[in-house]
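Subject: Structure handover

Hello,

Here is the structure I said I would pass on. My notes on it follow below.

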Amino acid sequence: AVVSTQSTGIRRSNRPKAENVYTNNLTILRDAIISSLVGVISAIHLTNPQTCQGFVSSASNQLLTGGDQENHMVISNNAVNVLGAIATHLTDTETVKMVIQIFRHKLCNPPSHLDSQMIRQLGEIMVHGNNESYSEVLTLFMQISSRACSESKANKDSTEHHGYRHCSFTVIRTLERICAKLDNIQRLKELLPWLLELFVQRSLALQTVCERE
């Protein structure tokens, strides 16, 4: 009986490890496929930018298509990763604008499991994109934080505003990573006043919540 219990325990302890290895392998495979896909899109873009924009439009439809819930989650997650990778690696301003607008339209509309992932991809666009996309994404991040703080102070519990509050935390973590990655001194100087404003917003929201309680 002792041997049987021990062997069962070993099998159980190995199962999570095996699942982690399987998940890591799938992640590596997914990233390799996305990298290859972006390479092909980049090559096509040199001669036919419209084809690239058409692909972006097609991929964005995967964020709106219904279907089986589990399969839709996988497809939509991959679509967000692909769109983010394209916007990060291409220098075509129009294509990057398209991706940013797609994420802006989908973000918290309605709140979903994709919101945090889209914010992280927008963060990568901020780091690697041009000044225009950097400013546009930064403005969007501050809008999300401002709305979340306003709704926290108003004590509203609707689904929409709950999504903004959730995204606000992800925005803060993303801005933290952006600060660590940025090597452009001018962009860091531009980011500092925004971060100070964000700090004031969060402090005032916290003070209001404490006073209410």
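K181 is partly exposed, at a relative accessible area of 43%; please bear in mind that this is a predicted model. The side chain of K181 forms a salt bridge with that of E124, 2.6 Å from N to O. This pair joins distant parts of the chain, as K181 sits in helix 7 (residues 159–181) and E124 in helix 5, 57 residues apart. E124 is also partly exposed, with a relative accessible area of 25%.

There are 4 salt bridges in the structure. Another of them pairs K97 with E132 (3.1 Å, N to O). Relative accessible areas are 31% for K97 and 41% for E132, so K97 and E132 both count as partly exposed.

R173 and E176 make a further salt bridge, at 3.7 Å from N to O. These two are 3 residues apart in helix 7, which means about one helical turn separates them.

On helix packing: the axes of helix 4 (residues 93–106) and helix 5 (residues 115–128) approach within 10 Å and cross at roughly 155°. Angles over 145 degrees count as roughly antiparallel, so that is how helix 4 and helix 5 run relative to each other. The crossing is left-handed. Helix 4 contributes V96, V99, I100, F103 and K106 to the contact, and helix 5 contributes D115, M118, Q121, L122 and I125. By class, that is 7 nonpolar, 1 polar and 2 charged residues.

Lastly, F199 in helix 8 (residues 185–212) is exposed, with a relative accessible area of 60%.

Regards

Note on methods:
Residues numbered from 1 in each chain as written. Predicted model: local features only at pLDDT ≥ 70, side-chain atom pairs only at ≥ 80, totals over all residues. Heavy atoms only, no water. Axes fitted to C-alpha atoms, helices over the stretch in contact; angles between N-to-C directions. Helix = DSSP H or I, 4+ residues; strand = E, 2+ residues; numbered from the N terminus. Parallel < 35°, antiparallel > 145°, perpendicular 65-115°, else oblique. Left-handed = near helix turned anticlockwise from the far one by under 90°. Contact = heavy atoms within 4.5 Å. Nonpolar A, V, L, I, M, F, W, Y, C, P; charged D, E, K, R; others polar. Buried < 20%, exposed > 50% of the residue type's maximum accessible area, 1.4 Å probe, protein only.
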